[in-house]
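Please open the structure in your viewer with the sequence panel beside it, and follow the stops below in order.

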Amino acid sequence: MITLYGFGPAFGLPDPSQFVVKTEVLLKLVGEAYEKRRADPRKGPRGKIPWIDDSGRIVPDSNLIRFHLEATRGIDFEKGLTDPQKGAAWALERMLEDHVYWLVVMERWLDPVNFAKGPRKFFDPVPALIRPLVTGMVGRQVGKTLQSHGIGRYTPEERTGLAARAALAVSQCLGDKPWLFGEEPCGADATAYAFVASAICPHFEGPVRRAFEKHANLVEYVERGNKRWFPDFLPGSVTSR
Ligand SMILES: N[C@@H](CCC(=O)N[C@@H](CS)C(=O)NCC(=O)O)C(=O)O
């Protein structure tokens, strides 16, 4: 039995962490039952979520978990893909995880309205007396991370342009197919579904959400993923609002 450690459902999403949702979908693609537990990222082997406990073997990081599942369950997350498709799939995943992720973090953490109804809730368990201090400290740390990554150095207009281009890239790659590379989902769909669902999450407002929501095929793609993998979250989806 696999135990998956994540944050737990929030903001109408199966998990506020795209990396956790990606991992859940990978587990669903494997077809293996798993138990999900709430966890503090600081307690994880790499100080981040997700991680899994596979009968005593602890595996951190969504990509390492993917490799672990491929090695131990004999699943091929790229089954049926041509070499050019495999290359495109991996590149698309990296764009979503290492670029779009940070655009979304910025939209959630630096927009005061989004922050108030989103990330600030993560601090609810902190004792009230020190909560503002801790919230401020972590907020400043996120701001520094965004600067070191580089995404925080763009102007809002430049970031909006980058979000539009990234959304277009995913939309172009998907086209009118149900899944990224055909009739059935592959490993890259776990990532694309998780990150696009997060970008268009109706709980939040902003240019990144608008950039992704503009593409009808991406909205339909998330609906398809919701129905297939997370039917309980349908009320939070965009087209059923
Ligand atoms: N490369 C990791 C990234 C995981 C990640 O960034 N997780 C975030 C939540 S979305 C986290 O735990 N952040 C806590 C922190 O950095 O302190 C993966 O693929 O799993």
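Begin by selecting Lys-36, which sits in strand S2 (residues 34-38), where strands are DSSP runs of E with at least two residues and helices are runs of H or I with at least four, both numbered from the N terminus. Residues are numbered from 1 along each chain as its sequence is written. The model is a predicted one, in which local features need pLDDT of at least 70 and side-chain atom pairs count only at pLDDT 80 or more, while totals for chains, interfaces and linings use all residues.

Is Lys-36 buried or exposed? Lys-36 is buried, because 20 other C-beta atoms lie within 10 Å; the term buried asks for 20 or more such atoms, exposed for 12 or fewer, and partly exposed lies in between, with C-beta atoms placed from the backbone.

Next, select the residues around the ligand, among them Ser-17, Phe-19, Lys-48 and Asp-61, each with its C-beta atom, placed from the backbone, within 6 Å of the ligand.

Finally, select Ala-192, Val-196 and Ala-197, which touch the most other members of the largest nonpolar core, a set of 55 residues; such a core joins buried Ala, Val, Leu, Ile, Met, Phe, Trp, Tyr and Cys residues through C-beta atoms within 7 Å. Helix H7 (residues 187-199) gives the most to this core, with nine residues. Around Ala-192, leaving aside neighbours within four places in sequence, show its contacts Leu-92, Leu-96, Val-170 and Leu-180.

Methods. Contact = placed C-beta atoms within 7 Å.
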